Amino acid sequence: MARAVSSRGLVLNSRRETELIGKSIGRVLREGDVIALIGDLGAGKTALVHGIVSGLDAPPSVVTSPTFMLMHRYHGRVPLIHMDLYRLSSLEEAEAVGLAEVFTDDAVTAVEWADRFPTLLPSDRLELRLSHRTFTSRSIQFMAQGTRSRSLLARIRKALPSMQKQGQPPRPGPSEKRKASIR
Ligand SMILES: Nc1ncnc2c1ncn2[C@@H]1O[C@H](COP(=O)(O)OP(=O)(O)O)[C@@H](O)[C@H]1O
Ligand SMILES: [Mg+2]
């Protein structure tokens with residue numbers, strides 16, 4: 001049974017910060033990684049994925065998908081499959097569209113509203129929980145559910161100084177200022 005590893009959260013003080021965290025995550029993703037995005041409407045799940053796409057150096061391209069399940073594929077350093085389960089209304093429907101078959105070792109998969117159908121997701125996944133704080137700030141918490149996602153979380157920690165040195169603000173990179181701080 002995989003042991004879940006969680007980290008303390010980060011505060012994201014603007015959409016820009018959320019995208020920058022996503023970008024840092026995108027830079028360390030590997031084929032087969034699964035990102036489960038959890039959070040209310042407007043919590044910043046899609047904003048984070050935009051950052052991930054940029055971190056993967058992927059030019060965006062839309063892929064045809066069933067009308068009730070938004071799915072985009074991005075072709076970056078590693079392919080990214082981005083799903084949004086918001087419009088799937090039942091487990092039967094999610095099974096019928098083949099949700100469980102989407103996950104592959106050849107691509108990263110990022111799933112919005114992942115908490116809707118957890119039984120159809122790979123058990124080894126990195127859960128990112130986004131929550132509203134204020135109108136312009138959000139918090140994010142990371143929980144690794146297996147070997148692969150623990151390894152991903154370790155790479156993310158390495159990429160994000162603010163996750164290593166709790167209580168200290170992150171060091172800005174040479175080309176961009178990252179302002180997220182530990183809650
Ligand atoms: N710190 C923040 N991080 C992300 N989005 C933020 C933040 N502050 C405000 N926003 C706004 O909240 C909304 C988030 O939208 P979106 O990423 O589509 O959310 P979700 O996909 O979770 O429904 C956007 O309008 C964005 O500009
Ligand atoms: Mg969204």
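Modeller: Two strands pair if DSSP finds at least two bridges between them. The model is predicted.

Biologist: What makes strand E5 (residues 79-84) and E6 a pair?

Modeller: Their bridges number 5, and the criterion asks for at least two, so they pair. The two strands run parallel. One position to look at is Ile81, which stands opposite Thr109 in E6.

Biologist: How do you know that strand E3 (residues 34-38) pairs with E6?

Modeller: By the criterion of at least two bridges. E3 and E6 have 4 bridges, in the parallel sense. Ile35 has Ala110 as its bridge partner in E6.

Biologist: Why is strand E6 (residues 108-112) called largely enclosed by the rest of the structure?

Modeller: Because 5 of its 5 residues are buried. For the protein, buried residues make up 37% of the 183 residues.

Biologist: Why is Leu126 called buried?

Modeller: Leu126 has 25 other C-beta atoms within 10 Å. The cut-off is 20 or more, so Leu126 is buried. Leu126 is in strand E7 (residues 126-132).

Biologist: What is Leu126 in contact with, leaving aside neighbours within four places in sequence?

Modeller: Val34, Ile35, Ala36, Phe142, Ala144, Ser149, Leu152 and Leu153. Also, the C-alpha atoms of Leu126 and Arg150 are separated by 7.6 Å, with the two residues 24 apart along the chain. In the protein, 66% of the contacts with a separation of 6 or more are between residues 24 or more positions apart.

Biologist: Which members of the largest nonpolar core touch the most other members?

Modeller: Ala36, Leu37, Val111, Leu126 and Leu128, out of 42 residues. Not counting residues up to four places away in sequence, Ala36 touches Val111, Ala114, Leu121, Arg125, Leu126, Glu127 and Leu128.

Biologist: Why is Trp113 called partly exposed?

Modeller: Trp113 has 19 C-beta neighbours inside 10 Å. Buried needs 20 or more and exposed needs 12 or fewer, so Trp113 counts as partly exposed. Trp113 is in the loop between E6 and E7.

Biologist: What is phi of Trp113 near?

Modeller: Phi of Trp113 is near 60°, a positive value in a residue other than glycine. Most residues other than glycine have a negative phi.

Biologist: Where does Asp57 lie, and is Asp57 buried or partly exposed?

Modeller: Asp57 lies in the loop between H2 and strand E4 (70-75). Asp57 has 14 other C-beta atoms within 10 Å. That count falls between the limits of 12 and 20, so Asp57 is partly exposed. Asp57 also has a positive phi, of about 55°, although it is not a glycine.

Biologist: Which residues come nearest to ligand 1?

Modeller: Of the 17 residues around ligand 1, Thr18, Gly44, Lys45, Thr46 and Ala47 come nearest. The shell around ligand 1 divides into 4 nonpolar, 8 polar and 5 charged residues.

Note on methods. Residues numbered from 1 in each chain as written. Chains lettered and ligands numbered in written order. Predicted model: local features only at pLDDT ≥ 70, side-chain atom pairs only at ≥ 80, totals over all residues. Core = buried A, V, L, I, M, F, W, Y, C linked by C-beta atoms within 7 Å. Contact = placed C-beta atoms within 7 Å. Near = placed C-beta within 6 Å. Nonpolar A, V, L, I, M, F, W, Y, C, P; charged D, E, K, R; others polar.
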